[in-house]
Amino acid sequence: MKYESVIGLEVHAQLLTDSKIFCGCSTQFGKEPNNNTCPVCAGFPGVLPVLNKRVVEFALKAGLAAHCEIARSSILARKNYFYPDLPKGYQISQYELPVCTGGYVDVELDGKVKRVRLTRIHMEEDAGKNIHDAHGDASLVDLNRAGVPLLEIVSEPDLRATAEAGAYLKTLRAMLQYLGVCDGNMEEGSFRCDANVSVRPEGTETLGTKIEIKNLNSFRAVESALEFEIARQIETLSDGGKLVQETRLWDEHHEETRPMRSKESAHDYRYFPDPDLLPLVIDDAWIAQVRAPLPELPNARKARFVNEYGLSGYDAELLTGRKDVADYFEEAVLAHANPKALGNWIVGDLFRVLKERKLDEQLYLARWPLAALNLAQMVQMIDQGKINGKIAKTVFDAMLDSNKTPQQIVSEKNLEQLSDLGIIEAAIDQVLAANPKQIVQYRSGNEKVLGFFVGQIMKATQGKANPQKVNEILREKLKP
Amino acid sequence: MKLSREEVQRVAVLARLRLTPEEQSSLTEELDRILGYMDKLNQLDTTDVDLFSHTANITNTLREDQVTNRPNADALLANAPDRDGTFFKVPKIIE
Amino acid sequence: MSFAQLTLHEAGAKLRKRELSSVELTEAVFQRIADTDDKVHAYLTLARDAAMEQARGADKELKGSADHAALLGVPIALKDNFLTKGLRTTCASKILGDFMPPYDATTVDRIRSTGAVIVGKTNLDEFAMGSSAENSAFFPTSNPWNLARIPGGSSGGSAAAVAADLCIAALGTDTGGSIRQPAACCGIVGLKPTYGRVSRYGIIAFASSMDQVGPMTKNVRDSALLLEAVAGRDPADSTSADLAVPRYSAMLTGDIKGLRLGIPKEYFVSGMQREVEQAVRAAIGKLEKNGAIIEEISLPHTEYAVAVYYIVATAEASSNLARYDGMRYGHRAAAKDLIETYMISRDEGFGAEVKRRIMLGTYVLSAGYYDAYYLKAQRVRTLIRKDFDAAFKRCDVIVTPTAPTTAFKLGEKTQDPLEMYLSDIYTISINLAGLPALSVPCGFDSEAMPIGMQIIGKHFDEATILRVAHHYEQSTEWHKRKPKLEIQN
């Protein structure tokens, strides 16, 4: 029997606001525990919450970008449970009337577009952090994170494969980054994912037992956990076993999911509208105000790169995966209109440098090791024949971390391409004169010898000779 | 009898209240009577009645996204039953 | 005659005329406390040193010729559910342990900035849950009119302190009648403002959709003065209204001609003490004689108010009290693991009534019961609110007794919680609807226990209820009587 998997993902995205959702504490964690807390986020007696306007705006941005229905009146609700990192004994979240419902995200995978529907997007506050004490008999609580604003984004169980889940997450993350709403860092916890997985015989409609997977701290973990869990579920059912609806944790170390120890999974959260907060009324004017400056979203930008710059879908994908990369690319193209070459330099050499420096997962670079303008001018110099491709690599490396323009470097290091025909000819003549045997080889049909000659000529000219010209004249001279 | 002892115990656990057996008995009886009194409300037909939305006749009190609090971990920890540096120290949490 | 017997208005005038210093006045109050609070037990915590320092500061300011706040230099008492920075705050509960608030409630901040002197924190029913102050974890307060009787609750300490001149004026809180009912029991004026009129930030929450801070004073003018000092929008309280605060004390014109008094028939039914009914009807008669117009009105859903209140208020309270878990402040019991720490700390820290209400509130919110109880109650609450909306089309204020009986004996009603809850019948609907209401003395029963008349107004119309109350008060002598501070059988 063939089974298909049914996957829904629940994402919690930490918002890039300056202050927390219900108080004026900073969202930038201090190094010292409990240094970014106040009586409000620490759940002291007598305190009251006041909603951060920007959190609502970010929720609206995300909702509009995902084509959701925006609730004209929505309610903040209390989710009640006891835990040391939950200072009030309840989390302020949204339950019956969330700010956004419905919506979808279009995900591209293997050249096809899949529409993944959303159930809802709502606002809520984050909890603090529990750390296990070195002594083992206690736990330590840091409330710096308590009250940091989150958006919870829930997808319908529309995903059918692990690869789809990964692609959906990446697309969603890129969207949130583009909107400036979340920096999407899974490793640091600003972008978290829980998965709901079930399997069913292929072709059937009824959903199988839904199992929740938590503790997924990277894209790789999401995909590995899903692979494992789907296989586990199929195996269990194929062996005639039964699946229990439960929450399982992904064990990164042992690469398996295992049931959560605590039976708290059967929570009765006793949701009710928070009487300390007023109904949130969102009118057309506010929506229009948020909608107007929405940035071009990843999918749209990618399509435009393909159409406007003639890039391949693959390259366009790489260049729009991060908003800052796309911005960098376009800044360069504006300075010198060779998108293909610039694309290659960025995706090849520049990405390599970012990876070496471990900047590739940082997701938004405030300072690039090489200014876009300088890269553009370098490519311009190649196109103008002032330097050749190989020399350009030297220029590229020299420009990293320096503020020097390519012109400065070329001039300082005397790297200007040799296009003076006289000098080139002289160099060619010199090399030919010194290598008569190879001339014979070439003339008897060995094309590869040309490479040897070119190499020698480049050596003789410190690599600066214009390769096309060298080739041209060399071939001419080698004619019998 | 609307309320059973088991139900009362379940609610006590939800509310994190330890009850002695005597308290369990007396609470079961008291809550049962009080809840019985609440049945009065079923005399009313509320099918077309709006849910009470809020006592304050206003909507949308929002604040600007500004950092207005100054860090002061010590003030916050001054009443802590137990602490470790600037952490709150609590009984071990088992995941 | 001790200076402690002055009203707020009188004291303020004397201070500003420099006939009296704040230090003298404050000392007089503390002397009176030393002499009589061992009988009344109004106070949980006294702040003598800080108070004397504030008094000295006030005297310095009074030396200047600038315009002075009405409260400058006047000794005020605060119910012990107001957070006072650096001054122990217990909420009359063991669960807060030795809690020392790291911040002042907004209302306390406002009081401080008027230059008033904070005498101390008064007793209450634990977490403001009760109608007699007998639910305090520490000790009950006695009614100054008869020390064997309750002072009412939950603001029993503040009411007794004002009645016995153990402060010049006090602040309390009212969630289901907790300012008005003790005011009636103790023969003083107690006002619950419109929901949202005064900030709740820094008041230990009981039922968030109903709690309000209000003045408890020796007369109506004092009430107006104290209200205008604390009312007004607070950006830290999302539910506080952005409405200008009228100068209530300047609006006590005494004019009630043509004012329509709504008298709801549901508030004059069997079960109320005959003398209470007589006194209130006499008071209404007096107002009519002086030009007010009587309108018979109906508030048909009155009988459902207690059920609605005890579902909604306990639901909110069960959630508000979850933070008292022994993790970050307050009492933490020694226990073998986390869950036990929660359960034993809260068991040891909370009294019986608080536990009862937490249990009830948790139950009505729990899965399977939410619709039947909580949602149902919130719909009936709408009906109760609509009753008032309809009534106020036909009248300007509504007049009722504040409580069905005068103060009962200490220990008399604690056996039966439901019976206790039913005694809130006259005050509770007002909190459900968020309306302003006050209690003003309107007589005494045959055992010399005070009787209170409740005047209810439209949303944010404190000015009118104060005006009516002031007119009535000034046409009687009730406010001039003082309690004997004796036990009478």
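These numbered points describe the three chains of a predicted model, from overall dimensions down to single residues.

1. Chain A, overall. Chain A holds 15 helices and 18 strands. Its radius of gyration is 30 Å, well over the 23 Å that the globule rule gives for 480 residues, so chain A is more spread out than a compact globule. The C-alpha trace of chain A spans about 90 × 55 × 55 Å along its principal axes.

2. Chain B, overall. Chain B has three helices and three strands, and their order along the sequence is α-α-β-α-β-β. For 95 residues the globule rule gives 12 Å, and the radius of gyration of chain B, at 23 Å, is well over that, so this chain too is more spread out than a compact globule. A box of roughly 55 × 45 × 25 Å, taken along the principal axes, is filled by the C-alpha atoms of chain B.

3. Chain C, overall. In chain C there are 15 helices and 11 strands. Here the radius of gyration is 21 Å, close to the 23 Å that the globule rule gives for 489 residues, so chain C is as compact as a globular protein of that length. Its C-alpha trace spans about 65 × 55 × 50 Å along the principal axes.

4. A three-stranded sheet in chain A. The order of strands in this open sheet is S6-S5-S17, with antiparallel pairing. Strand S6 (90-93) and strand S17 (272-273) stand at the edges with a single partner strand each, so one side of each has no neighbour in the sheet. Strand S5 (residues 77-80) pairs with S17(A) over two bridges. Ala77(A) lies opposite Pro273(A) of S17(A).

5. A hairpin in chain A. Strand S15 (residues 247-251) and strand S16 (residues 256-259) run antiparallel and are joined by four bridges. One of the paired positions is Asp251(A), whose bridge partner in S16(A) is Glu256(A). Four residues lie between the two strands of the hairpin, and Glu255(A), in the turn, has a positive phi of about 55°.

6. Positive phi within a strand. Asn215(A) has a phi near 75°, which is a positive value in a residue other than glycine. This asparagine belongs to strand S14 (residues 211-216) of chain A.

7. Salt bridges. Over all chains, a search of the whole structure finds 65 salt bridges. Side chains of opposite charge can pair when their charged atoms come close. One of the pairs is Asp126(A) with Arg192(A), at 2.4 Å from N to O.

8. Positive surface patch on chain C. Arg18(C), Arg56(C), Lys60(C) and Lys63(C) gather on the surface as a patch of positive charge. Of these residues, Arg18(C) sits in the loop between helix H1 (8-16) and helix H2 (22-40).

9. A cis peptide in chain C. The bond from Gly153(C) to Ser154(C) is cis, and its omega is near 10°. Ser154(C) falls in the loop between strand S3 (117-122) and helix H5 (156-163) of chain C.

Definitions and conventions: Residues numbered from 1 in each chain as written. Chains lettered and ligands numbered in written order. Predicted model: local features only at pLDDT ≥ 70, side-chain atom pairs only at ≥ 80, totals over all residues. Heavy atoms only, no water. Patch = residues over 30% accessible without salt bridge, like charges linked within 9 Å, V, L, I, M, F, W, Y side chains within 5 Å. Areas by Shrake-Rupley, 256 points an atom, 1.4 Å probe, with all protein chains shown as cover. Salt bridge = Lys/Arg side-chain N within 4 Å of Asp/Glu carboxyl O. Lys, Arg positive; Asp, Glu negative; His and termini not counted. Charge placed at Lys NZ, Arg CZ, Asp CG, Glu CD. Pairing = 2+ DSSP bridges. Rg over C-alpha atoms; globule rule 2.2 N^0.38 Å.
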